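Hello,

Here is the structure I promised to pass on. Have a look at it first, and then read on for what turned up in it.

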Amino acid sequence: MKLLRTLLRQVHKPAASAGHRRRLSSGGGCGPLPLRGEAPVVGSSRELVRRLGSQVEVRAGFITEDEEAALLGELEPGLKKKRYEFDHWDDAIHGYRETERASWGAACEEILSRVRSAAFPEGSPLLGPVHILDLDKTGYIKPHIDSVKFCGSTIAGLSLLSDSVMRLVKEDAASEWLDLLLPRRSLYILRDRARYNFTHEILKDEGSVFNGQRVPRQRRISVICRNIPG
C-alpha cells in the first residue's frame, strides 16, 4: 500500500462548494496579512487569521539556493526512476510520484534538523522516514486531512522548485478559509486545529491565485515531516 493511501483522507465537498471556490480565487476576503512576520496569508476574516496565527506558519527563504540544490541532488536520481501517476486509488491526487528517505548526506541532514527544530517540540517522536512528494506541473492534490491514525498534531514541509498556493478550508464550515502563499524554498507548518479541522490542498497551476494575483506553479517537490500521534 502506498504511503499516500495511509496518510491522506480525502474530504469530498458538496457540489455547492464550486461557486465558493470561484469566489476564493477572485482574491476576495481580508487582503494580505503578514503571519508572524513571514509570508502573507489571506483569509475569510481577520479574526480567523488571528485565531490560527500560532497554528499556521510560513517561513520564506528557510533554505538557500545551495541548500535546495543539495536536496535535489539527493532526491532527483531516485525520482527519475519513477513515473508520474495520474490515476490515484481514490482520485485524491493526480500527476505525482513519491518516495521516502531515511538516510541523508551531512548537508541535507543539517537542513532537516533545522526543520525539526523549527516545527516540532524538542524530543517529539517523528513519523519514520521523510516523505517526498513530487507533483508534475499539471499535478494536484484535492482537499484532504492527513489520517489521524498515522500522523500527529504537526505537519511541516519544504517547498522546492516552485512557488505555490496552499488553501485551507474548515471541514464543517466552507465559508472559513485561508490561502497561504508558499514561496519556493519556504517552510510551511500546520499545527493543531489547522491540521485537524481544516482541509489543505495545493492549487492547480490554472487556479493558482493569491489575493487576486496569479502565482504560476511549475513542477513542485515537497519534503514533508510529521510527528507521531501522541
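With which side chain does the side chain of Lys170 make a polar contact? The partner is the side chain of Asp172, at 2.8 Å. A polar contact here is a pair of N or O atoms within 3.5 Å; within protein, one must be able to donate a hydrogen and the other to accept it, and residues adjacent in sequence count only if both atoms are side-chain atoms.

Before going further, a word on the ground rules. This is a predicted model, in which local features need pLDDT of at least 70 and side-chain atom pairs count only at pLDDT 80 or more, while totals for chains, interfaces and linings use all residues. Residues are numbered from 1 along each chain as its sequence is written, and side-chain values use heavy atoms, with hydrogens and water left out.

Now the overall picture. The protein chain has six helices and 14 strands; helices (H or I, at least four residues) and strands (E, at least two) are DSSP runs, numbered from the N terminus. Of its 230 residues, 51% count as buried. Buried means under 20% relative accessible area, exposed over 50%, and partly exposed in between (1.4 Å probe, protein chains only). Among contacts with a separation of 6 or more, 80% are between residues 24 or more positions apart, where contact means heavy atoms within 4.5 Å.

Back to Lys170 and its strand. Lys170 belongs to strand 8 (residues 164-170), and it counts as buried because its relative accessible area is 19%, with the cut-off at 20%. Its C-alpha atom is separated by 9.4 Å from that of Tyr196, 26 residues apart along the chain. Val165 is in strand 8 as well, and at 0% relative accessibility it is buried.

- Strand 5 (residues 93-101) runs antiparallel to strand 6 over eight bridges, and Glu100 stands opposite His131 of strand 6.
- Strand 14 (residues 220-226) is also antiparallel to strand 6, over five bridges, and here Ile224 is the bridge partner of His131.
- Strand 11 (residues 198-202) is joined to strand 6 by two bridges, again antiparallel, with His144 opposite His200.

Strand 10 (residues 187-191) is mostly covered, with five of its five residues buried. Both of its faces are covered: Leu187, Ile189 and Arg191 lie on one side, Tyr188 and Leu190 on the other, and all are buried. Strand 4 (residues 56-59) pairs with strand 10 in the antiparallel sense over four bridges, and Val56 has Leu190 as its bridge partner. Strand 7 (residues 154-160) pairs with strand 10 over five bridges, also antiparallel, and there Leu158 faces Leu187 as its opposite residue.

Next, Glu67 and Arg114. Glu67 is found in helix 4 (residues 65-79) and, at 19% relative accessibility, counts as buried. Its side chain and that of Arg114 are joined by a polar contact of 2.8 Å. Beyond its neighbours within four places in sequence, Glu67 is in contact with Phe62, Glu110, Ile111 and Arg114. Arg114 also lies over the face of Phe62, at 5.2 Å from the ring centre. A charge sits over a ring if NZ of Lys or CZ of Arg is within 6 Å of the ring centre and within 35 degrees of the ring normal. Arg97 does likewise: its charged end is over the ring of Tyr84, 4.1 Å from the centre.

Finally, the cysteines. The structure holds zero disulfides, a disulfide being a pair of cysteine sulfur atoms within 2.5 Å. Cys108 is buried at 1% relative accessibility, and Cys225 is buried at 5%.

Notes. Two strands pair if DSSP finds at least two bridges between them.
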